[in-house]
Amino acid sequence: MTSLSGKVAIVGAADTEVGILPGVGATQLCVDAACRALSDAGISKDQVDGLVTCNSMAEPYMYHAEAIAEYIQIFPRYCISASAGGGTTFSILHHAASAILTGMCHTVLISMADTLRSGLSREQAMLMQSATGHGQFERPYGPTVPAYYALIAQAHMAQYGTTQEQFAQIAVACRKHAALNPAAQMREPITVEDVINSRLIADPLHLLDCSLVSDGGSAVILTSAERAVDFPHSPVYLLGVGEGHGHEHISQAQSLTTSAAVESGQRAYAMAGLEPKDMDLAQLYDCFTPTVLLELEDLGFCDKGEGGAFVESGAIELGGALPVNTHGGLLSHCHPGNPGSMFALTETVAQLRGVAGERQVDGAAVAMVHAQGGIMSSHTSVILGRETA
Amino acid sequence: MANHSGKIFPTPTRETAHYWEGCREHKLRLQCCVSCGKHQFYPRSVCSHCLGDQLRWIEASGAGKVISFTLVRRAVSEAYKADTPYVVALVQLDEGPTMMSNVERCTPESVEIGMRVTAFFEEWSEEISIPKFCPI
Ligand SMILES: [Zn+2]
């Protein structure tokens, strides 16, 4: 079996403006992200022969990627859109890299955008939110998305003695990083007390344990390692990737406190021939603070049950042992829905190129980027590096 | 019958109709696999353990324990607002399977992980009764 490791690289990466962008459509933002990534890679649209997008809630299309291809008049050989976000974004990156390796296409543009903040009414957003969950066996009981994650948090607290303050520490670290990121939606520093004193949404989760609702788009360009050296920026190589899929509905989860991030992480580390201790930074999916804590444990950055102590030690802050979500994450940078994971990817490219400005991790050479979707259901771990091995 | 209009009503399917008929009679029904003897929830056309297609319906005792819960303070929609804060819980039935439900007939703040609960039924319409739990 041929390994992907070191054979595919990211050669272009860019975000649109993010935050609250009234008057900008989701399609327009997706195209904006694509144009910026092409410009970053120094190529024309005609050099793209693969296109990946995700569908938009605000401006959906039956065939979204085809709609974007048509909009910018490109005629790819590989064209697909994901219907979900989170871990699916990185699964599709995995598949796009495989498509390059097998010769299905040479240069893939992945562009994702949505306008959850400005493109949907409050009622539409509520309706969308309530659509998560099993129609017969969960939704009648009135769960919200924060409630599903609260079930995970509560179980972790009961099993391992994790505290609300420890979850809050994750929101504080993300905000601290966002304060150093001019692009971030929320930059005002916060304290653990601010998180604990914010309104309870679904116990033990407070408002500031929950990610933002934003508009925004982000895109990357992938090509083979051989071609990658001809691009203006140093390539960022895909060293390892792995997926783990546990369940769809949280009421069917095998475990509330250990997720399929264990398998996705192990598969990615094995492909890269690296270990958790080799990572210089990590971007971990933070739709709610407890997901980061579980991912730190499941990806092997600390022992099971030690996540609380790990974040309390300051390890995940810039300057700590493992800076996490250096751009501010979904908690403080932006969260436009399905495209959310993309910003962790473009931030990692900036870190590995050494151009992350005030939030640069000194000597960053290897990074873990992990996303999950559903309710800790579907996981993909990606290891990126400055060198091929 | 209290007014539950606007709430999210389940729509029974071919696989789940017998379950919802049971609820209407205030019986909590589970499937048990003839081949491997395991119970499953939610109802399926095959056994999720061994894919056996011989499934027998049993009436569960209704007893179980809370394995996790949350107090929902911001309701999912207008129709659930009057119930806030309401408890959404995962209940592991004594027969094995886990189901989501509400824990009621107690103060929400008194619910805790490990708490023993038993099923009761709340009538939402002529056709639909919803299984919920209360402390034993
Ligand atoms: Zn069976």
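This is a predicted model: local features need pLDDT of at least 70, side-chain atom pairs count only at pLDDT 80 or more; totals for chains, interfaces and linings use all residues.

Modeller: What makes M376(A) worth a look is its backbone: phi is positive, about 55°, although the residue is not a glycine. Most residues other than glycine have a negative phi. As for its place in the fold, M376(A) is found in chain A, in the loop that runs between β10 (366-373) and β11 (378-385).

Chain B has a case to set beside it. R105(B), again not a glycine, has a positive phi near 60°. This arginine also sits in a loop, the one between β6 (98-103) and β7 (116-123) of chain B.

Most peptide bonds are trans. The one from F41(B) to Y42(B) is cis, with omega near 5°, and Y42(B) belongs to the loop between β2 (39-40) and β3 (55-59) of chain B. Another cis bond links T84(B) to P85(B), this time with omega near -10°. P85(B) is in the loop between α2 (78-81) and β5 (86-93) of chain B.

Next, the cysteines. A disulfide is a covalent bond between the sulfur atoms of two cysteines. Over all chains the count of disulfides is zero. Take C30(A): its closest cysteine sulfur is in C54(A), 7.1 Å away, so the pair is too far apart for a bond; the cut-off is 2.5 Å. C32(B) is in no disulfide either, with the nearest cysteine sulfur, that of C33(B), at 7.1 Å. C30(A) is buried, with a relative accessible area of 0%, and C32(B) is buried as well, at 5%.

E165(A), E193(A), D194(A) and E312(A) form a negative surface patch. Of these, E312(A) lies in helix α11 of chain A, which covers residues 307-312. Its relative accessibility is 48%, so E312(A) counts as partly exposed; the exposed label needs over 50%.

Methods:
Residues are numbered from 1 along each chain as its sequence is written. Chains are lettered from A and ligands numbered from 1 in the order in which they are written. Side-chain values use heavy atoms; hydrogens and water are left out. Patches are made of residues with over 30% relative accessible area and no salt bridge: like charges are joined within 9 Å, nonpolar side chains (Val, Leu, Ile, Met, Phe, Trp, Tyr) within 5 Å. Accessible areas come from the Shrake-Rupley method with a 1.4 Å probe; for residues, only the protein chains shown count as cover. A salt bridge is a side-chain nitrogen of Lys or Arg within 4 Å of a carboxyl oxygen of Asp or Glu. Lys and Arg count as positive and Asp and Glu as negative; His and the chain ends are not counted. The place of a charge is taken as NZ of Lys, CZ of Arg, CG of Asp or CD of Glu. Helices (H or I, at least four residues) and strands (E, at least two) are DSSP runs, numbered from the N terminus. Buried means under 20% relative accessible area, exposed over 50%, partly exposed in between (1.4 Å probe, protein chains only).
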